[in-house]
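Dear colleague,

Please find below the structure I wished to hand over to you, together with its sequence. My findings follow directly after it.

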Amino acid sequence: MSPLYEYKTDSPNTRQRSVCDMWNLAYNLEHGQMTYDIPEPTGRGVLRSSCISRDIKMIDYNVNFYVPVELRGVSKNPHFDILFCMGKSIHWELPESRKNFDLLTGESCIGISKETKKRCIFPAEQDMHIVEIKIPLPTLHKILDEYCSGLTLDCLNTKGVTGKNYQLTPSIQVVLNQLLHCPYNSGLRRLYTEAKLLELLAVYFSESVLQIDKPISSLSLSLDDVKSLRSAKEILDNNLLDPPTIRQLSRLVKLNEYKLKKGFKELFSMPVHAYVIQRKLELAKLLLDSNNISVSEAACRAGYGNVSHFASAFRKQYGTNPGNYMKAFKNETNF
């Protein structure tokens, strides 16, 4: 059976041809995981691919090419792509479609692709850390039918979810980081990664793509109020370390303070202050998961000036002290 994804390069350089071969292997992986170190002097970094389940792949590109790398390919498998920019902002060219591709740090985008020809040019000396979730369209149909009543692929197309960049909230980053650093190598790995994938899709669609909250028909809010409240939420997400006061926020979104406080709680099921605390704790949890830092440093980088207050809030949110949580996470990753 011919491969579903085929990439080629016209470069005579054997190392670039090796990169192309590994690209094909990563995209056509049928089970398990693979890791490929980019060879010198082509570049540095690593390409990882893993099969989660249901023919779904996760590909982690953490690479920097010393020379431009051009790959041409054909996709024979209709699929749904989500790209997450985990590192510096990136840019590459797509000459086949006469487009340039840009993703800023902490952004994501969605693509729905049927049988297409592809040609990508990755620039030289660009740190690129992208995580791609690739879901065959029939598989996505099954997931939506099974878990998401009323949400279909046609619905996503109607809402125009492709061709846009979406911010990654702390919640999304936490789940994505857990998916990337699965603590299990045994038979539990598939159970863990599939559960985390479904959680990632739920949080990603809810918080970034569709911004799902309570049905407007059930609220005592106008459409303009809802739009202003969503803007308030976005402002808070982008300014977690130094969030505006209620007075400042009300001016920014042009709602009086009473309507802002009452409407925010009605729409998002929690007061403004509680929302900021939850987001800060999610950020702190992400830092503890992904960095070898102390509890006090995580507290500081999440906007807490008092470590005791941070530890108390963390324990209330997650049921354990941050120090115990960090030890447990390290033990799991060494499982």
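Thr35 has Arg48, in β3, as its bridge partner. The two strands concerned, β2 and β3 (residues 43-53), pair in the antiparallel sense over 5 bridges. Please note that this is a predicted model.

The pairing of β2 and β3 belongs to an open sheet of 7 strands, whose order is β2-β3-β4-β11-β6-β9-β12 and whose pairing is antiparallel. β2 (33-37) and β12 (165-167) are the edge strands, each of them pairing on one side only. From one strand to the next, the twist averages 20°.

Two helices that pack on the sheet deserve mention. Helix α1 (residues 14-28) touches β2, β3, β4 (56-65) and β11 (128-136); the direction of α1 makes about 160° with that of β4. Helix α5 (residues 188-209) touches β2, β3, β4, β6 (79-85), β9 (107-113), β11 and β12. The direction of α5 makes about 100° with that of β3.

I also examined Ser171, which lies in helix α4 (residues 170-180). Is Ser171 buried or exposed? The relative accessible area of Ser171 is 9%, and because buried means under 20%, Ser171 counts as buried. Leaving aside neighbours within four places in sequence, the residues in contact with Ser171 are Val203, Glu207, Arg279 and Glu282.

With kind regards

Terms used: Residues are numbered from 1 along each chain as its sequence is written. This is a predicted model: local features need pLDDT of at least 70, side-chain atom pairs count only at pLDDT 80 or more; totals for chains, interfaces and linings use all residues. Side-chain values use heavy atoms; hydrogens and water are left out. Two strands pair if DSSP finds at least two bridges between them. Helices (H or I, at least four residues) and strands (E, at least two) are DSSP runs, numbered from the N terminus. Axes are lines fitted to C-alpha atoms, for helices over the stretch in contact, and angles run from 0 to 180 degrees between N-to-C directions. Contact means heavy atoms within 4.5 Å. Buried means under 20% relative accessible area, exposed over 50%, partly exposed in between (1.4 Å probe, protein chains only).
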